[in-house]
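Here's a quick briefing for anyone meeting this structure for the first time. Have a look at it, then read on.

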Amino acid sequence: MIEHLRPGTNAANARVALFDFDGTISVIRSGWMDIMVPMMVEILLELKTGEREEDLRAVVEEFVGRLTGKQTMYQMIALSEEIEKRGGKPLDPLEYKNQYLALLNDKIRDTITELREERCSPDKYLVPGSRALLESLKERGLTMYLASGTDQIYMREEARLLDVDRYFDGGVYGALDDYKSFSKKILIQRLIASAECKGEQFLGFGDGYVEIENVKEVGGVAVGVATAEPECLHVDEWKRKRLSGVGADFIIPNYLCRGELLGALFPA
């Protein structure tokens, strides 16, 4: 269940745990890429440059994957840049973001309603083993933060509906309209600057390139959660390749390996 990419690495000194949300804790938005990528490919096809659809898809998948974990706005900015490269005149990136969110919200509407009406256990939409791991880390005394590239107004409600917001005493942070004012990197730097912790005292969990990179940049320990959504029972090889390539210390498919993982992170 656990791939230990850097034997000997552990989080014995960790004081802070930083979690990504979508794909790392929540699977409410599972399949978001299957909405974003086709939308962007269609927009690029409308430019009629003569490029094949599969070639445009490869272009879009590359920058969407590379920017996963950052605010959604950055993926829309990248789309705008691709339009300009092809001689087109892009809309404001916020317009593309709103188009995408309308499509995604249609997809997840029934899930959100099911949770709001308490017609299912919140655990139905958690990465397997999430709650038990969060409780274990709280018991260890780590201060926990939840940070997401998803808009704060949405992800805070979703964290509440999943009954996980209570674990994150450090705070629950999402993307803001002023997208330059907050990021996972800014949060990490803020905590270090305030002397709350040193870089090597960070323990990060994420299924995206960005959060793993941010934690490793300051000398922390990073767990790559290579979830094959929505079941999250096996490692997604595409995620694994990206997470290991950016420096993840561990790769896991979910948190059902909690005992083994905690033993590796916090050796006796």
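Which residues make a nonpolar surface patch of about 320 Å²? In this predicted model, the patch is made by Met1, Leu233 and Leu256. Below are some notes on the two leucines, then on the sheet.

**The patch leucines**
- Leu233 sits in a loop, the one that runs between β6 (221–225) and α9 (237–245).
- With a relative accessible area of 46%, Leu233 counts as partly exposed, because that class covers the range between under 20% (buried) and over 50% (exposed).
- Leu256 is also a loop residue, found between β7 (250–252) and α10 (258–265).
- Leu256 has a relative accessible area of 55%, so it counts as exposed.

**Who Leu256 meets**
- Setting aside neighbours within four places in sequence, Leu256 is in contact with Met1, Pro128 and Gly129.
- Leu256 and Ala132 are 124 residues apart in sequence, yet their C-alpha atoms are 8.8 Å apart in space.

**The sheet**
- Seven strands form an open sheet with mixed pairing, and the order is β1-β7-β6-β5-β2-β3-β4.
- At the edges are β1 (3–4) and β4 (171–175), each of which pairs on one side only.
- In general, strands of a sheet pair through backbone hydrogen bonds, either parallel or antiparallel.

Technical notes. Residues are numbered from 1 along each chain as its sequence is written. This is a predicted model: local features need pLDDT of at least 70, side-chain atom pairs count only at pLDDT 80 or more; totals for chains, interfaces and linings use all residues. Side-chain values use heavy atoms; hydrogens and water are left out. Patches are made of residues with over 30% relative accessible area and no salt bridge: like charges are joined within 9 Å, nonpolar side chains (Val, Leu, Ile, Met, Phe, Trp, Tyr) within 5 Å. Accessible areas come from the Shrake-Rupley method with a 1.4 Å probe; for residues, only the protein chains shown count as cover. A salt bridge is a side-chain nitrogen of Lys or Arg within 4 Å of a carboxyl oxygen of Asp or Glu. Helices (H or I, at least four residues) and strands (E, at least two) are DSSP runs, numbered from the N terminus. Buried means under 20% relative accessible area, exposed over 50%, partly exposed in between (1.4 Å probe, protein chains only). Contact means heavy atoms within 4.5 Å. Two strands pair if DSSP finds at least two bridges between them.
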